[in-house]
Amino acid sequence: MKTKIGIVIIAIFSTFFLNAQQQPKGILGSTNWMNNWTNFKPAANEYSEATNIIAGTIDKDLKLTKRNTYQLVGVVYVTNNATLTIEPGTVIRGDDKTCGTLVITNGAKLIAEGLETDPIVFTSNKETTERRPGDWGGIIILGKAPINTLGGVHTLPFDLDPILNHYGGQDAEDNSGILKYVRIEYAGRKLSALKELNGLSLAGVGRKTVLNNIQISFSNDDSFESYGGDLVMSNLVSYRTTDDDFDFTQGVQCNISNSIAIRHPFSSDISGSRCFEVDSYEKIGMTDMTKKLTKINASNITLVNLEENNQGLVKESIHIRENTYFNLTNSVVSGFTPFVILEENIGSSDENLSKITFKNILANNCVGEIGSESSSNDPILKTWYSKPEFSIQYTKMKNIELFTTPSIKGNPDFRLNVNNTIASGN
């Protein structure tokens, strides 16, 4: 009887491991979904001079049309439950002198629904040779979805109008509009030594907000930062951000899928730039611990460092702080030192480590595996994440071997190279 039970257990584990191996890893698509609408050389793009100025407050429905080019001057607030609609192909240029910034306030909506062949572009108003990260502010969306700060409502530290600067609430289904086939370039203005705007700041944004096919390039801080809320995001591209590609805090509940972060050593901050920065709160004293902790479910993610010798400013791909749930599945991580770092406070207890899972992962060319701030080679962590159910595969391949077309000089394709049997799992 014991022999039969043992055989059954082995069979179950074998089946689980085989199924994990057969699950496709990294970004997916029958074709390269980054074609047509993305741009990895935005400095070379000649945009038309602005024909219209957007400034002040938009307190009634407004539509921006493709036939015009717009200059975003100062902080522009969409208020009074108004909807700002932007036609496919429209170009909005953020003013550098006044730090052009678009703020969708609590209750208002942004409908920026581009097309694969005609994306909406938010970019710098500078000439091609002068464009730099942080030329303008970025896009800020303030919603009514739950956050875990005390009182359930909070403000962003971006010197916004105090009457309009608030987010949070009880509506996880809140709808702040649509961002689809949108590019955001050269945003993230530095406001002070401790404050920098992001490419896209999502604060208390609800799950009915559509967020997919968004590329953020050359942001001077984070590409995508989420402060609480309940989000569903897919087909995101973060390229050459200075700080983090995806930053989550304040109890955000997020499903993110089929998305990619492409790191470059000369676009990274010495303070510690990562693809994923995940925590539940900035200060525990300001947090309502009865509310949800941050929980991120990330699937079919590709994280790649273009500098393959790991000598630049790019360090670990993922940094996770205590009291945080993070699940990464069916994903590819290539070229980091190390693969993952866990905050020292997480420790090695089963209760804490069970909140953080990595399943069916290809970790390529990473100097170091999953470590903690106290030890880059923690034997307890190594044993925990070596369990068969995690199915983490460590390899040493060049990007050109691992990915279909990893050069950003042309039309990059970071889907796994189907001709590489190790990468494809065949």
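Q: Which classes of residue make up the lining of the largest cavity?
A: Rolling a probe the size of a water molecule over the atoms shows where empty space is left. In this predicted model, the lining of the largest cavity has eight nonpolar residues, no polar ones and no charged ones. The residues are Ile54, Ile58, Leu64, Leu72, Leu84, Ile92, Leu102 and Phe122.

Q: What is the volume of the largest cavity?
A: The volume is about 30 Å³. A search of the whole structure finds one cavity of 30 Å³ or more.

Q: How many aromatic pairs does a search of the whole structure find?
A: A pair of aromatic rings is described by the distance of the centres and the angle of the planes. The search finds 16 aromatic pairs here. One of them joins tyrosine 167 and tyrosine 227, with 6.4 Å from centre to centre and 55 degrees between the planes, a tilted pair.

Q: Why does the pair of tyrosine 167 and tyrosine 227 tie together parts that are apart in sequence?
A: Tyrosine 167 lies in the loop between strand S11 and strand S12, while tyrosine 227 lies in strand S15, so the pair ties together parts 60 residues apart in sequence. Tyrosine 167 and tyrosine 227 are both buried.

Q: Why is the pair of phenylalanine 218 and tyrosine 239 edge-to-face?
A: The planes of these two rings are at 85 degrees, and planes over 60 degrees apart count as edge-to-face. The ring centres of phenylalanine 218 and tyrosine 239 are 5.7 Å apart.

Methods. Residues are numbered from 1 along each chain as its sequence is written. This is a predicted model: local features need pLDDT of at least 70, side-chain atom pairs count only at pLDDT 80 or more; totals for chains, interfaces and linings use all residues. Side-chain values use heavy atoms; hydrogens and water are left out. On a 1 Å grid over the protein atoms alone, a cavity is a set of points where a 1.4 Å probe fits but cannot get out, and a pocket is an open set with protein on both sides within 12 Å along at least five of seven lines; lining residues have an atom within 4 Å of a point. Grid points are joined across faces, edges and corners, and a volume is the space filled by probe spheres set on the points. Ala, Val, Leu, Ile, Met, Phe, Trp, Tyr, Cys and Pro count as nonpolar, Asp, Glu, Lys and Arg as charged, and the others, Gly among them, as polar. Rings of Phe, Tyr and Trp (its six-membered ring) pair if their centres lie within 6.5 Å; planes under 30 degrees apart count as stacked, over 60 as edge-to-face and the rest as tilted. Helices (H or I, at least four residues) and strands (E, at least two) are DSSP runs, numbered from the N terminus. Buried means under 20% relative accessible area, exposed over 50%, partly exposed in between (1.4 Å probe, protein chains only).
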